Amino acid sequence: MSGIRALHLKLQYSGTETPAVNISDLTVEPGEFMAIMGESGSGKTSLLRLIAGLENPDEGDIYIGGEWMNNTPVGRRPVQMIFQSLALWPHLKVMDERGYSNLSFPLKVRRWTQAQIVDRVRGVSNRVGLKEELYSRRPNELSGGERQRVALARAMVTESKMFLMDEPLSSLDPISRPKMRTEIRRLHDELGATTVYVTHNGVDARDMADRIAVMQNGRIIRVGTYADLTSATADPYVRLLLSSF
Ligand SMILES: Nc1ncnc2c1ncn2[C@@H]1O[C@H](COP(=O)(O)OP(=O)(O)OP(=O)(O)O)[C@@H](O)[C@H]1O
Ligand SMILES: [Mg+2]
């Protein structure tokens, strides 16, 4: 199992006055499920993009599994990102056994056989509650919640052990959401994965995460368990943030 470390990490987009990310030291332990919470614009997505290699830091270092990653391009980093925008391939069906599709693509490029692909995609679809009758649709023919399930399934079919998830449950109804929380956490545990999970939902953080990192203006202002961060003596700003759902 491998963890993630960000050290003296700074990212400032051009034309902006303050850094979007400015972190002195953040460690996600191997096997840990860490939630990231913070107001809109606090730098959560930017942090995930830095870890994934979609942005280059102006300063600082990123380590994954103990290896320095700054010079490793996106495709070579051992992480799967689930984007806030989902980033499904619009022209591909959800699943096609024979050809390229949203769910088979990551496995086809890894040269899995058709039987292996079908088996794995069915298993993961089941876990995330994605009905097989949706396989023949394209993303614009799905509801927002269905699209989120496809994005989750696509990240999880590869048996990757490191996930960066950007609000993956935001479009789900209150019946599906608790089920998905349980399934994501269970998959994380079964795979022995390390997960960084951005959410605005305090219940996600409480029920899924080992620890929560709170961001404000690009900085990590607190890291701790839900109990620590919501105790009577905790910072009222942090308590308020964690009470949102
Ligand atoms: N490509 C960009 N160019 C310039 N500024 C950007 C860019 N992307 C993000 N920003 C700015 O960087 C800051 C952090 O943005 P980021 O998307 O990381 O926030 P966030 O915490 O994910 O917010 P949200 O909860 O709304 O998704 C914001 O002030 C945003 O306006
Ligand atoms: Mg964001």
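**Entry 1: conventions.** I count two strands as paired if DSSP finds at least two bridges between them. Helices (H or I, at least four residues) and strands (E, at least two) are DSSP runs that I number from the N terminus. The model is predicted, and I therefore note that local features need pLDDT of at least 70, that side-chain atom pairs count only at pLDDT 80 or more, and that totals for chains, interfaces and linings use all residues. Residues are numbered from 1 along each chain as its sequence is written, and chains are lettered from A and ligands numbered from 1 in the order in which they are written.

Entry 2: I looked up the strand order and found an open sheet of six strands, 6-7-8-3-9-10, with mixed pairing. Strand 6 (80-82) and strand 10 stand at the edges with a single partner strand each, so one side of each has no neighbour in the sheet. Neighbouring strands of this sheet are turned by 15° against each other on average, direction ignored (angles run from 0 to 180 degrees between N-to-C directions, and axes are lines fitted to C-alpha atoms, for helices over the stretch in contact).

Within this order I examined strand 3 (residues 33-38) and strand 8 (residues 194-198), which pair in the parallel sense over four bridges. Phe33 has Thr195 of strand 8 as its bridge partner. Strand 9 (residues 211-216) and strand 10 (residues 219-224) are antiparallel, with five bridges; Val214 is bridged to Arg222 of strand 10. Their hairpin has two residues between the strands, and Asn217 takes a positive phi near 50° there.

Entry 3: I found a second open sheet, of four strands in the order 2-1-4-5, with antiparallel pairing. Its edges are strand 2 (21-28) and strand 5, each with a single partner strand, so one side of each is left without a neighbour in the sheet. Helix 1 packs on this sheet and touches strand 1, strand 2 and strand 4, its direction making about 115° with that of strand 1 (contact requires C-beta atoms, placed from the backbone, within 7 Å).

I then read the pairs. Strand 1 (residues 4-11) and strand 4 (residues 59-64) pair in the antiparallel sense over five bridges. Lys10 has Glu59 as its bridge partner in strand 4, and Ile4 stands opposite Ile64 of that strand. Ile64 also stands opposite Glu67 in strand 5. Strand 4 and strand 5 (residues 67-68) are antiparallel over two bridges. In their hairpin, with two residues between the strands, Gly65 takes a positive phi near 55°.

**Entry 4: helix 3 against helix 4.** I checked the axes of helix 3 (residues 114-128) and helix 4 (residues 144-156), which come within 9 Å and cross at roughly 135°. That angle makes helix 3 oblique to helix 4 (under 35 degrees counts as roughly parallel, over 145 as roughly antiparallel, 65 to 115 as roughly perpendicular and the rest as oblique). Helix 3 contributes Val124, Ser125 and Val128 to the contact, and helix 4 contributes Arg149, Leu152, Ala153 and Met156. I sorted these residues into five nonpolar, one polar and one charged (Ala, Val, Leu, Ile, Met, Phe, Trp, Tyr, Cys and Pro count as nonpolar, Asp, Glu, Lys and Arg as charged, and the others, Gly among them, as polar).

**Entry 5: ligand 1.** I listed the residues around ligand 1 (C-beta atom, placed from the backbone, within 6 Å): Tyr13, Thr16, Ala20, Gly38, Ser40, Gly41, Ser42, Gly43, Lys44, Thr45, Ser46 and Gln84. This shell divides into two nonpolar, nine polar and one charged. Helix 1 (residues 44-52) supplies its largest share, three residues.

Definitions and conventions: Two residues are in contact if their C-beta atoms, placed from the backbone, lie within 7 Å.
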